[in-house]
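Please look through the structure shown here with attention to how its chains meet. The paragraphs below take the interface and then a pocket.

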Amino acid sequence: MSESATKPRPQFRNLGLSDLMSYRLPPAAKASILHRVSGALLFLALPLVIVPLFAQSVQSPDTFAAMKAWVANPVCKIVLLVLMWGYFHHFCAGIRYLTLDLHVGNAREPSQRSGALVIGVALALTVVFGLKLFGAW
Amino acid sequence: MVQERIGRKRLVVGAHYGTRDFIVQRATAVIMAVYTLALVLYAVLVPSLDFESWRAFFAFTVGALPVGQLLATLAFLSLAWHAWVGVRDIWMDYAHSDGLRLFLQVLTILWLVAAVVFFGQILWSL
């Protein structure tokens, strides 16, 4: 007890905002912070965009048509595109965490690769569904 | 009280909120993932995705049982609980003053309760 009280302990502090630009983030760390960012984004959009859109889509044929008209607006499409990316990334990164919990791919190399894969798959899904949203197919 | 000794000196006590939140976060995630896949599969497989077929996914019944509404409620409550655990983690990481953190957590609860009430009201009046 007294021994541990007198010994000076090494201190490890969290990153400051000024360190952000110079700090190297490996793919798994990028997937991790994007998981947090996308989650926060979806949380903020939940009562503002997602539930109102759902409400319009199920209430009546008229509100369904109004919902479609809202989605046709280019600015709204951008908002939806960002939210779609958020959902895809959060979904894919979440699946990755569940597999890591099952001790699948926990070694350094595979976990970095799956981190990069998650970022890529989420972006690819966003492009595919984004093309659909903007009427390319 | 649950107590567990690790080694000679370290005494571990606690309410075990961490374990509970860990389990909750994963269980609700699996529920939402399955619900999402079911919704996407339905949207792809249904002959024509229009108002009637879209609404049916949330309003269908089995006998007298409102299964569509019950499943949507399960998924949305999972979402709210999942969001609470996640957003609370964000405040605990970045908001270090007790007053600010409490304020943000209360705001988070109000935000999520509003979403749940809004959603429930729409869903159960279908």
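Which residue forms a salt bridge with Arg26(B), and how far apart are the closest N and O atoms? In this predicted model, the partner is Asp101(A), and the closest N and O atoms of the pair are 2.3 Å apart. Across the interface of chain A and chain B, two salt bridges are found. Polar contacts between the two chains, with both residues at pLDDT 80 or more, number six residue pairs.

On the side of chain A, helix H2 (27–59), helix H3 (61–72) and helix H4 (74–101) each supply at least two of the residues that touch chain B. H2(A) gives the most, with 15 residues. Sorted by class, this side of chain A has 17 nonpolar, four polar and two charged residues.

The contact as a whole takes 23 residues from chain A and 30 residues from chain B. Together the chains bury about 2400 Å², and 77% of that lies on carbon and sulfur atoms. Within chain A, the most area is lost to chain B by Arg36(A), Phe43(A) and Phe54(A), which together account for 28% of what that side buries.

Two or more lining residues come from each of H2 of chain A and, in chain B, helix H3 (67–94) and helix H4 (98–123). H2(A) gives the most to this lining, with five residues. By class, the lining has 11 nonpolar, one polar and one charged residues.

Conventions:
Residues are numbered from 1 along each chain as its sequence is written. Chains are lettered from A and ligands numbered from 1 in the order in which they are written. This is a predicted model: local features need pLDDT of at least 70, side-chain atom pairs count only at pLDDT 80 or more; totals for chains, interfaces and linings use all residues. Side-chain values use heavy atoms; hydrogens and water are left out. Contact means heavy atoms within 4.5 Å. Buried area is the accessible area (1.4 Å probe) that two parts lose on being put together, summed over both. A salt bridge is a side-chain nitrogen of Lys or Arg within 4 Å of a carboxyl oxygen of Asp or Glu. A polar contact is a pair of N or O atoms within 3.5 Å; within protein, one must be able to donate a hydrogen and the other to accept it, and residues adjacent in sequence count only if both atoms are side-chain atoms. Helices (H or I, at least four residues) and strands (E, at least two) are DSSP runs, numbered from the N terminus. Ala, Val, Leu, Ile, Met, Phe, Trp, Tyr, Cys and Pro count as nonpolar, Asp, Glu, Lys and Arg as charged, and the others, Gly among them, as polar.
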